[in-house]
Amino acid sequence: MFSGLQGVQPLLDGVLSYFPCPTEVNSYALDQSKNEEKVTLSGTPDEPLVALAFKLEEGCYGQLTYLRIYECVIRKGDFIHNINTGKKVKIPRLVRMHSDEMEDIQKAHAGQIVAVFGVDCASGDTFTDGSIKYTMTSMNVPKPVMSLAVQPVSKDVGGQVSGLFKCAYMCACCIC
């Protein structure tokens, strides 16, 4: 019997063999209290928290923010500081994503990617525990090769078109 997943396991084994562990890669932050001096992050749980919000989704439960944790341990219920806005926020729910399913977790360590609910921020915002003022450089996103614009044929249907797009987006992104 033919399986469409032939070769997937050797590919994953190759990724594990050839790509480094996240804690083996040098990551850098910019120290805002020292004129953006470049600081090497060790990736250990003993250092102050440094995390980067890199993806945002609007879902059934509000904004879902994906965080890459560079240092420390983050726990459900912790207060974290958004260095870009100066706001202090509480982590009400911490989840690990598995495809279209989410698993509630109590904590996550350096090198892990987690998602949090109820954290109002922008993509590229840096979070710390408040003891340091480090910011991460944003991920480089190349310009799109192609773009498309959709416009209503008349002003009368403009509201209907925007409602249709909102409905389609919510149906595609909702993880219920």
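Reader: How many salt bridges does the rule give?
Author: The model is predicted: local features need pLDDT of at least 70, side-chain atom pairs count only at pLDDT 80 or more, and totals for chains, interfaces and linings use all residues. Residues are numbered from 1 along each chain as its sequence is written, and side-chain values use heavy atoms, with hydrogens and water left out. A salt bridge is a side-chain nitrogen of Lys or Arg within 4 Å of a carboxyl oxygen of Asp or Glu. By this rule the count comes to three.

Reader: Is Glu57 buried or exposed?
Author: The side chain of Glu57 meets that of Lys55 in a salt bridge of 3.3 Å, N to O. Buried means under 20% relative accessible area, exposed means over 50%, and partly exposed is in between (1.4 Å probe, protein chains only). Lys55, at 37%, counts as partly exposed. Glu57 has a relative accessible area of 15%, so the class is buried.

Reader: How many residues apart in sequence are the parts tied together by Asp104 and Arg93?
Author: The side chains of Asp104 and Arg93 meet in a salt bridge of 2.9 Å, N to O. Asp104 lies in strand β9 (residues 101-104) and Arg93 in strand β8 (residues 93-98), so the pair ties together parts whose separation in sequence is eleven residues.

Reader: Which residue forms a salt bridge with Glu103?
Author: Glu103 is partly exposed at 35% relative accessibility. The closest N and O atoms of the bridge are 3.9 Å apart, and the partner of Glu103 is Arg96.

Reader: Why is the ring pair of Phe54 and Tyr66 put in its class, and what is that class?
Author: Rings of Phe, Tyr and Trp (its six-membered ring) pair if their centres lie within 6.5 Å; planes under 30 degrees apart count as stacked, over 60 as edge-to-face and the rest as tilted. This rule gives one aromatic pair. The ring centres of Phe54 and Tyr66 are 6.2 Å apart and the planes are at 50°, so the class is tilted.

Reader: How many bridges join β3 to β4?
Author: Two strands pair if DSSP finds at least two bridges between them. A hairpin of two residues joins β3 to β4. Within β4, the bridge partner of Ala51 is Ile69. The two strands run antiparallel, and the number of bridges is nine.

Reader: In β12, which residue is the bridge partner of Ala51?
Author: β3 also pairs with strand β12 (residues 126-128), in the antiparallel sense and over three bridges. The partner of Ala51 in β12 is Phe127.

Reader: Which strands stand at the edges, each with a single partner strand?
Author: Three strands form an open, antiparallel sheet in the order β2-β1-β13. One side of each edge strand is left without a neighbour in the sheet, because each has a single partner; these strands are β2 (37-41) and β13 (134-135).

Reader: How far apart in space are Glu36 and Thr135, C-alpha to C-alpha?
Author: Glu36 is placed in the loop between β1 and β2. Thr135 belongs to β13, as the bridge partner of Leu30. Glu36 and Thr135 are 99 residues apart in sequence, while their distance in space is 8.4 Å.

Reader: What is phi of Cys72?
Author: Most residues other than glycine have a negative phi. Cys72, found in the loop between β4 and β5 (73-75), has a positive value, near 80°.

Reader: Over the ring of which residue does the charged end of Arg68 sit?
Author: A charge sits over a ring if NZ of Lys or CZ of Arg is within 6 Å of the ring centre and within 35 degrees of the ring normal. The charged end of Lys38 sits over Tyr28, 4.3 Å from the ring centre. For Arg68 the distance to the centre is 4.2 Å, and the ring is that of Tyr70.

Definitions and conventions:
Helix = DSSP H or I, 4+ residues; strand = E, 2+ residues; numbered from the N terminus.
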